[in-house]
Amino acid sequence: MSEESEVLSDDAVYRARDSLLCSACAGYTARTTGKTISGQSLRPVSARLVSAWPVDEFGPCSCDCGRLIAVVVAGRVVVSEPAAAAGGKAKNGRD
Ligand SMILES: [Zn+2]
């Protein structure tokens, strides 16, 4: 098999040490190996991390490129795309 499979979900926010990343801003290496080029493992953010996130200091719990924002709803991590929501043109074309 020569085809590279991507190990990161497209709609999850991952934590790699001090960074929050999504599949778009994590980069190719992270998408295919689950680790950054410096060897940090990417793990989906936990509800505990998101609820403890210092919004006052760092702003919303969003990934590096700002595509995704993670919030905690009823104890579970919910990830949304603020740009799509703000535009009011969110596509409902889920498959
Ligand atoms: Zn991102």
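Me: Is Ala74 buried or exposed, and how many C-beta neighbours lie inside 10 Å?

Reply: A residue is called buried if 20 or more other C-beta atoms lie within 10 Å of its own, exposed if 12 or fewer, and partly exposed in between, with the C-beta atoms placed from the backbone. Ala74 has 6 such neighbours inside 10 Å and therefore counts as exposed. Please note that this is a predicted model, in which local features need pLDDT of at least 70 and side-chain atom pairs count only at pLDDT 80 or more, while totals for chains, interfaces and linings use all residues. Residues are numbered from 1 along each chain as its sequence is written.

Me: What is the phi of Ala74?

Reply: Most residues other than glycine have a negative phi. Ala74, by contrast, has a positive phi, near 50°.

Me: Where is Ala74 placed?

Reply: Strands (E, at least two residues) and helices (H or I, at least four) are DSSP runs, numbered from the N terminus. Ala74 belongs to the loop between strand S4 (69-73) and strand S5 (76-80). These two strands form a hairpin with two residues between them, and Ala74 is in the turn.

Me: How many bridges join S4 to S5?

Reply: Two strands pair if DSSP finds at least two bridges between them. S4 and S5 run antiparallel and are joined by five bridges. Within this pairing, Ile69 has Ser80 in S5 as its bridge partner.

Me: Which strand order does the open sheet have?

Reply: The open sheet consists of three strands in the order S2-S1-S3, with antiparallel pairing. Strand S2 (19-21) and strand S3 (43-44) are at the edges; each has a single partner strand, so one side of each lacks a neighbour in the sheet. Strand S1 (residues 14-16) pairs with S3 over two bridges, in the antiparallel sense. Arg15 is found opposite Arg43 in S3.

Me: What is the phi of Arg17, and where is its place?

Reply: Arg17 is not a glycine, yet its phi is positive, about 55°. Arg17 sits in the loop between S1 and S2. With 10 other C-beta atoms within 10 Å, Arg17 is exposed.

Me: How many helices and strands does the protein chain contain, and which pattern do they follow along the sequence?

Reply: The protein chain has four helices and five strands. Along the sequence their pattern is β-β-α-β-α-α-β-β-α. Of the 95 residues in the protein chain, 20% are buried.
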